[in-house]
Protein chains: 2
Amino acid sequence: MNRILLILFSISCTHCFSQEKDGITWWSPINDSKHVIEGQAWPNGVAEYYSRLPERVANTLSKGVYNLGRQSAGLMIRFNTNSAKITVRYTVSRKGGFGMNHMPATGVSGVDLYTFDEHGKEIWCAAERKFSDTIIYDYKNLGATKTFREYRLYLPLYNQITHLEVGVESKSDFDFLPVREKKPIVVYGTSITQGACASRPGMAWTAQLGRALDLPLINLGFSGSGRLELPMIDLIAEIDAKVYILDCMPNLTQVTWENLGIENEGAFKERVLKAVNRLRSKKGSIPILLVEHAGYSDEYVSGSQKDRFQKVNKLQYQVYVQLKRQGVENLHYMKKEEIGLKMDDTVDGVHPTDLGMWHYAQAYVSKLQSLLK
Amino acid sequence: MNRILLILFSISCTHCFSQEKDGITWWSPINDSKHVIEGQAWPNGVAEYYSRLPERVANTLSKGVYNLGRQSAGLMIRFNTNSAKITVRYTVSRKGGFGMNHMPATGVSGVDLYTFDEHGKEIWCAAERKFSDTIIYDYKNLGATKTFREYRLYLPLYNQITHLEVGVESKSDFDFLPVREKKPIVVYGTSITQGACASRPGMAWTAQLGRALDLPLINLGFSGSGRLELPMIDLIAEIDAKVYILDCMPNLTQVTWENLGIENEGAFKERVLKAVNRLRSKKGSIPILLVEHAGYSDEYVSGSQKDRFQKVNKLQYQVYVQLKRQGVENLHYMKKEEIGLKMDDTVDGVHPTDLGMWHYAQAYVSKLQSLLK
């Protein structure tokens, strides 16, 4: 669906920009003439309104990655309203499984709302929620306010939104806010980057980081598929970023090598090297941050698990050192120890819970604050 | 089912104490002559083997509380084995909904395994898991060990186990360990005590506390029903405890008062007073810890939510002060500020994620360490 056509449609049909019923006025981002979906790098090129990847790469990237790109991880909608009640109603493509067995529906298919106090301090909002054909999040306790207040609505981490509306009291004012013009943080990564297994979208480490630094963030995390693929690097290089984060080691341990045609350690290092060089050659001096595998939380009992992440971390670090020696500037590195993931930080040994996501976010905030200053 | 009959049955039928097939020997706690279910205060009085409450109170307590008592929250099985692989297979009563929309199946219906290194440091174990008619947790990466190693298996927080077996390599040794004889920590509380919304049973704050202090713990948390009821207080008083924790304020905010026949603030205070006095009169000087409502995580945006928890905390604290003035000894109090629950610590404004559970546990560990020294 082409955004230009959508805008023309919305101009020719202003009565459907919002709809009032039972004292609630419903607002739909799809009918807004502005680009209001933050975290979306190719708004004019998506096949579906809430996709993360442009339609033109449907055949360039693997089908798996492209389909994961339909899931709304990292997408966020900002709006101003003075309504004391907000209802979000939406439909998703996968209705059969709103959750996963290690991640609740609130994280997989739920939305998450934050606002800000008069000092800019973030405030989380609680909802009553209902998961059915139409998912409903009802925010009833927002307090009466006579002034506008900015809200940020984070979209589902592991499902695809097909339709979404925001309802507010008809007597109140409402405005979707345009995507911020600041350069975004761009993250290319794995399921952990996509958001598994946060309890709600706002607790994905990327969302926490975006709020902490008050910067837009493009989440290019793809479950099982963060593999430093050059077509994805080329795509990323199209974005004028504040910083590029490459956090792919959890999907590049040796068990994946055969399928990816990585024959040996040398070939693995070559893959990392090519990814960094390609990005650097296309995007001048924009900072690139390479991130290590944070470890498995059963590493204390399983020697084999420990070997798996230690190996790729060692090899990636060697590439980093080599590139630094070659004079590549503005290349940065975050070690496992800096991430500081603890034994009890994951639900399954791999995917962080909110506790692990919080540790991840702390590490990234600290790293980026020093890197971007 | 009576434990004596079970023991007689297992003595007359030693061949079913364990069963070997395909190189795995299956061990069933129900066939062990020892009491091996830790966290169970009335092992000889339960109607179902994995219940928390004795059958005789089925009509004394509300049906809701008694049914929640069938759920295995806080139950834990200890065993020694030198097997490098462990499989846990079990069935639960509610197969239709292994999870809840804000709590994954791994927490609601899953098990959770910890072991210890040679210095007694706890080590978490990762499993492959399958939720179906029989739930299977497969622990494959435990490392080869020639010595015995102690394991602790935490049972589901929000489901009822109907049958459970532990499978180990047939060549290995295996022994269920008897319930530890140390006096337990006894907690009477709400859904938060029962374990909502931990990602896995070992992350419930009670489980974290039990490990940190290396003490048995009796979890008498009942979702929506931690209401300082005298029949429950009488029951608790039967347990020779190390300390009694009364953490019921989240289920006693004013919205519950009408249903409970609490007419006003005075009646509310009377309820707290009676509970403490009853427990104190029956159990001499065993420490009692009263705990405040930790707050709602949308308190920053919702004035009404803030009022709800502030009111009961204020009233409970007045009772505490009154009792202290009257000379009641070994009565302790933990304030909201000591719990220190943060805005992003819950999934829904009420129930802690692993992040919130970790904050809860930290507070309790610190409080009990000072209280019990």
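**Figure 1. An aromatic cluster in chain A of the predicted model.** In this predicted model, five residues of chain A, namely A:Trp27, A:Phe79, A:Tyr151, A:Phe174 and A:Phe176, form one aromatic cluster. When aromatic pairs are counted over all chains, the count comes to 36.

**Figure 2. A stacked pair of aromatic rings in chain B.** A pair of aromatic rings is described by the distance of the centres and the angle of the planes. For B:Trp257 and B:Phe268 the centres lie 5.1 Å apart and the planes make an angle of 20°, and because planes under 30 degrees apart count as stacked, this pair is called stacked. B:Trp257 belongs to helix H7 (residues 257-260) of chain B, whereas B:Phe268 belongs to helix H8 (residues 265-282) of chain B, so that the pair links parts of the chain that are eleven residues apart. B:Trp257 has a relative accessibility of 3% and therefore counts as buried, and B:Phe268, with a relative accessibility of 0%, counts as buried too; the term buried is used here for residues under 20% relative accessible area.

**Figure 3. Charged side chains placed over tyrosine rings.** In chain A, the residue A:Lys335 lies over the face of A:Tyr317, at a distance of 3.8 Å from the ring centre. In chain B, the residue B:Arg211 lies over the face of B:Tyr114, and here the distance from the ring centre is 3.8 Å.

Figure 4. Chain A contains eleven helices and 17 strands. Its radius of gyration is 21 Å, close to the 21 Å that the globule rule gives for 373 residues, and chain A is therefore as compact as a globular protein of that length. Taken along the principal axes, the C-alpha atoms of chain A fill a box of roughly 65 × 45 × 40 Å. Of the 373 residues in chain A, 61% are buried. Among the contacts in chain A with a separation of 6 or more, 77% are accounted for by residues 24 or more positions apart. The accessible surface of chain A comes to about 14,300 Å², and 49% of this surface belongs to carbon and sulfur atoms.

Figure 5. The same surface serves both copies, as 100% of the contact residues of chain B recur in chain A.

Note on methods: Residues numbered from 1 in each chain as written. Chains lettered and ligands numbered in written order. Predicted model: local features only at pLDDT ≥ 70, side-chain atom pairs only at ≥ 80, totals over all residues. Heavy atoms only, no water. Contact = heavy atoms within 4.5 Å. Phe/Tyr/Trp six-rings, centres within 6.5 Å; stacked < 30°, edge-to-face > 60°. Helix = DSSP H or I, 4+ residues; strand = E, 2+ residues; numbered from the N terminus. Buried < 20%, exposed > 50% of the residue type's maximum accessible area, 1.4 Å probe, protein only. Lys NZ or Arg CZ within 6 Å of the ring centre and 35° of its normal. Rg over C-alpha atoms; globule rule 2.2 N^0.38 Å. Areas by Shrake-Rupley, 256 points an atom, 1.4 Å probe, with all protein chains shown as cover.
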